[in-house]
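Here's a quick briefing on aromatic contacts. Have the viewer open as you read.

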Amino acid sequence: MVSAPADSLERDIHVWHMELAAPDCVLARAADVLSPAETERAGRFVHRRLRDAFVLARAGLRGVLARYVGVAPERIELALGAAGKPSLSDPASDVQFNVSHAGSIAAYAVTRHVSLGVDIERIRPLPDYAALAAYAFSRAECADLARLPEHQREAGFFDCWVRKEAFVKAVGLGLLLPLDSFRVTLLPGEAPAVHAPPTGPGAAAAWYLHAYRPAPGYTGAVAWHDHTRALRVLPVLPAAEILSPGGRP
């Protein structure tokens, strides 16, 4: 089982990745750790592929968190904030996390004390990317996207999208923080960065952004606001490995 020292979360951010496909025996194990509400939600999916991906993604989150909070995956209690950001129900817990999934991969970012956000996307053909960018991106981001060679613009769109989503998720304000109210860098050669307004939702002394490729054909980003944190990005692991017993290492 791949594990990470729980006490290192005082200074690190760990980003786990898990495959969202597994044999039936692993799916059965995943279903066993879900809460009644998660099980009920899984039952609403008409298509099995989507249902299985949901079950694995939620069980994977529980499997990752179990390594840090010291309880079995099925005993972890989760809550949603007013803007929909997930957290541990225990108000005494200092473990912070965020989740994203796209295509056949889920991503889980975990640390202590510091709010953070993660987002991943599968890079794919998107005929209306320019219209979506005009709606959601800042003017500066749209201009940067137009500067890219045409064959790089779809990937550039997704690079920009995950960076913005990671920041919005880190701030935790949901739709109260309009996507066009701040700028992220996206041009090759520019260090990933967030340029937020000095006041208003999302304002902070300093935000940090890490852009990466979680797997071939995917793009991802992690946002946080503590410069002392080191980032440890783990490779994509089989669901069976994430769900292996062991809890806190």
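**Aromatic contacts at a glance**

Phe157 is buried, at a relative accessible area of 3% (buried is under 20%, exposed over 50%, partly exposed in between, with a 1.4 Å probe and protein chains only). This is a predicted model, where local features need pLDDT of at least 70, side-chain atom pairs count only at pLDDT 80 or more, and totals for chains, interfaces and linings use all residues. Residues are numbered from 1 along each chain as its sequence is written, and side-chain values use heavy atoms, with hydrogens and water left out.

**Ring pairs**

- Searching the whole structure turns up nine aromatic pairs (Phe, Tyr and Trp rings, the six-membered one for Trp, with centres within 6.5 Å; planes under 30 degrees apart are stacked, over 60 edge-to-face, the rest tilted).
- One of them is Phe137 with Trp161, a tilted pair at 6.5 Å centre to centre and 40° between the planes.
- Phe137 sits in the loop between helix H4 (129-136) and helix H5 (139-147), and Trp161 in helix H6 (residues 153-171), so this pair ties together parts 24 residues apart in sequence (helices are DSSP runs of H or I, at least four residues, numbered from the N terminus).
- Phe157 and Trp161 are stacked, because their ring centres are 6.0 Å apart and their planes are at 25°.
- Those two residues, Phe157 and Trp161, are four apart in helix H6, so about one helical turn separates them.

**Burial and cluster**

- Phe137 is buried at 4% relative accessible area, while Trp161 is partly exposed at 24%.
- Tyr129, Phe137, Phe157, Phe158 and Trp161 are linked into a cluster by ring pairs.

**Charge over a ring**

- Lys164 lies over the face of Phe182, 4.0 Å from the ring centre (the cut-offs: NZ of Lys or CZ of Arg within 6 Å of the centre and within 35 degrees of the ring normal).
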